[in-house]
Amino acid sequence: MLSMLAQQLVNALSLGSIYALFALGFTLVFGILGVINLSHGGLFMLGAYAALFFLERHWPAWLALPVAVLVTGIIGLLIDLLVLKQLRRQRAPHLMPMIATIGATILMTSLAQGLFGAESRHFPLSFFDNASLTLGAVTLPYAQVAIMVIAFGTMITMGWLLKKTRLGIALRAIAESPRAAALLGIPVERLFHLTSFLAATLGGIAGILIGLSFNAISPFMGQPMLHKGIAAIILGGLGDIRGAVLGGLFLGFAEVLAVTYLSSEYRDAFSFGLLFLVLLWRPQGLFGATHLRSA
Amino acid sequence: MSWADWWATYSTLVLSVGVYGMMALSISLTLSCGLLTLANAAFMGIGAYVSAIATTAFDLPFFEALLLGTLGSTFVALLIGLPVLRLSGVYLAMATLGFGEVVRIILLNLDITGGPLGLNGIPSLTQWWHVLSALLGTVFLLRCLRASRIGRAFEAIREDETAARLMGINTHPLKLLAFVLGAAIAGLAGGLNAHYTFTLSPGNFGFENAVDILTMAVLGGIRGLPGPLLGGAIVTLLPEVLRDLQDYRMAANGLILILVVLFLPQGLWDPQRIRGWFKRA
């Protein structure tokens with residue numbers, strides 16, 4: 001019984017770390033650009049398919065996966081340049097970027113479906129067959145270890161980037177007020193592009209890791225993940241970096257434990273019911289300190 | 001092709017144009033009040049399921065079933081509207097999105113809704129004049145509403161809620177009215193929809209559908225009533241027109257959505273732009 005719990009907690013940690021990674025990119029865009037980028041789920045799916053594309057051409061994994069992440073980042077940058085930048089220039093109301101990025105998601109999903117087929121695929125990687133690490137009662141497949149190392153490694157790197165570097169300070173200044181940041185000589189527009197790029201790479205990494213974790217990818221994997229990302233960033237407080245990571249981890253644990261001990265059919269209803277309650281009870285998020293305009 | 005053959009082939013499509021016109025009007029009602037809610041597909045689903053269960057399992061007459069479906073979604077809207085409408089902007093969008101998912105998952109798991117298989121063998125009761133009169137009734141109601149004090153109050157809330165409140169507009173009940181009325185229209189549209197498609201499945205009322213409905217309103221424009229009707233017709237007919245593109249036809253949908261947002265932010269039906277044409281001519 002206890003060993004089952006331990007095993008489930010490890011599963012929850014690895015799933016939660018992927019959710020956290022996804023939510024981190026999602027919240028980064030909201031915090032800095034001030035838009036809800038609903039194409040983040042599409043970019044997540046795209047990352048997984050880009051990896052599949054290169055792996056199927058027999059590129060070694062150490063090369064294929066980073067290149068796939070880079071490709072995803074470039075697509076994210078393109079969405080920023082072609083769509084979000086134009087909307088910023090028009091000073092469009094917040095509804096507009098949401099609808100435009102939904103359009104981008106539909107476009108990406110449909111292209112993936114057309115190019116790779118609608119059925120679910122898996123990465124041609126051999127390390128799924130390999131043995132696993134046994135720690136007491138808990139078995140850790142190497143894939144799962146790799147997933148957690150990559151996810152937490154990326155998150156720690158992002159945290160360091162935002163906290164300690166000049167770039168991070170500039171980004172946080174923009175999050176506070178883009179206009180004030182521009183007055184201080186920060187190249188705001190260029191950092192918007194960079195943020196879109198970075199967020200897309202985080203989405204792409206999350207997509208590859210989910211593909212590794214379940215050994216399945218499909219053109220439609222973006223939508224459920226987007227919903228979870230939304231739940232995670234609202235749990236954590238919109239635009240709050242630490243909150244998004246905590247929200248993602250929390251969602252991973254809540255989901256795995258709900259499936260184990262409650263019911264698997266209502267797994268998704270559980271996370272959304274939770275989201276719903278949190279919004280009513282604490283719209284600023286469980287961990288967040290985002291201030292809402294009260295007037 | 002004779003008229004009867006044509007109708008046999010395309011009746012579903014024609015009825016869908018009307019039903020989705022109603023859905024686009026339903027979401028444009030909340031949008032015209034400055035509220036982005038994504039629950040309309042869920043309200044349509046509630047209306048569809050309630051009325052279909054009423055006719056199949058309880059043998060109720062069609063009109064009572066429609067009424068029951070409409071009341072069902074109205075009631076649920078009232079229940080969730082009270083707390084949810086305290087939120088605004090993206091928070092409201094996300095909360096209603098979450099609500100929509102919960103409805104879909106509940107429909108997927110209940111016995112009475114047929115679970116993942118959905119409901120089958122729903123009697124074909126919807127006639128063209130049912131849809132037409134429901135649509136005209138909706139348009140008439142919304143026209144009256146727009147011309148009234150309430151309509152002007154909606155506009156004030158959309159432009160600046162704080163200012164509207166300072167002008168003495170009691171914003172909360174009005175927002176609730178827009179939300180609940182939108183849900184009632186969606187519930188009626190759902191009931192009509194269920195009785196010409198014969199089958200219902202929970203997947204029909206998920207996020208994709210919510211996005212389609214939003215697309216209709218944004219594409220058509222929410223500045224006037226013809227806008228949503230136009231948008232509803234285009235989005236419903238587009239897959240038929242683009243049939244040759246097969247797998248890529250959704251890509252065209254996505255592209256259109258992006259282009260409209262970028263180049264026609266007011267939608268296709270923009271009274272101001274149309275007036276501008278006449279002035280120039």
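Predicted model: local features only at pLDDT ≥ 70, side-chain atom pairs only at ≥ 80, totals over all residues.
**Helix H6 of chain A**

I started with the face of H6(A) turned away from its buried side, and found the exposed residues A:Arg166 and A:Glu176 there. My cut-offs: buried is under 20% relative accessible area, exposed is over 50%, and partly exposed is in between, with a 1.4 Å probe and protein chains only. H6(A) spans residues 166-176, and its buried residues are A:Gly168, A:Ala170, A:Leu171 and A:Ile174. Looking down the axis, I see these buried residues fall within an arc of 160°, so they line one face of the helix. The arc is taken from the directions from the helix axis to the C-beta atoms.

Residues are numbered from 1 along each chain as its sequence is written, chains are lettered from A and ligands numbered from 1 in the order in which they are written, and side-chain values use heavy atoms, with hydrogens and water left out. Helices (H or I, at least four residues) and strands (E, at least two) are DSSP runs, numbered from the N terminus.

**Helix H6 of chain B**

Next I looked up H6(B), residues 149-159, where B:Gly151, B:Ala153, B:Phe154 and B:Ile157 are buried. Down the axis of H6(B), the buried residues fall within an arc of 160°, so they line one face of the helix. On the other side I noted B:Arg149, B:Arg152 and B:Glu159 as exposed. What covers the buried residues? The cover includes H1, H5 (128-147), H7 (161-166) and H8 (171-197) of chain B. I count a contact when heavy atoms are within 4.5 Å. At the start of H6(B), a side-chain oxygen of B:Ser148 comes to within 3.2 Å of the backbone nitrogen of B:Ile150. For polar contacts I use N or O pairs within 3.5 Å; within protein, one atom must be able to donate a hydrogen and the other to accept it, and residues adjacent in sequence count only if both atoms are side-chain atoms.

**The hairpin in chain A**

E1(A), residues 132-135, and E2(A) run antiparallel and are joined by four bridges. Strands count as paired if DSSP finds at least two bridges between them. I found A:Leu133 bridged to A:Leu140, and A:Ser132 opposite A:Pro141. Two residues sit between the strands, and A:Gly136 in this hairpin takes a positive phi near 60°.

**Single residues**

Is A:Leu198 buried or exposed? A:Leu198 is buried, with a relative accessible area of 16%. A:Leu198 lies in H8(A), residues 188-214, and leaving aside neighbours within four places in sequence, A:Leu198 touches A:Met158 and A:Leu161. Its C-alpha is 7.3 Å from that of A:Gly25, 173 residues apart along the chain.

B:Thr37 sits in the loop between H1 (3-31) and H2 (40-56) of chain B, and is buried at 1% relative accessible area. Not counting residues up to four places away in sequence, B:Thr37 touches B:Ile27, B:Thr30, B:Leu92, B:Thr96 and B:Phe179.

I also checked two non-glycine residues with positive phi. A:Asn215, with phi near 50°, is in the loop between H8 and H9 (222-236) of chain A and is partly exposed at 29%. B:Asp59, with phi near 55°, is in the loop between H2 and H3 (62-84) of chain B and is exposed at 65%.

**Interface and confidence**

42 residues of chain A are in contact with 40 residues of chain B. I get about 3,800 Å² buried between the chains, with carbon and sulfur atoms giving 78%. A:Ile99, A:Phe276 and A:Leu280 supply 14% of the area that chain A buries against chain B, more than any other three residues. Buried area here is the accessible area (1.4 Å probe) that two parts lose on being put together, summed over both.

The predictor gives the complex an ipTM of 0.82 and a pTM of 0.85. Chain B averages a pLDDT (the predictor's confidence in each residue, from 0 to 100) of 87, and 98% of its residues score at least 70.
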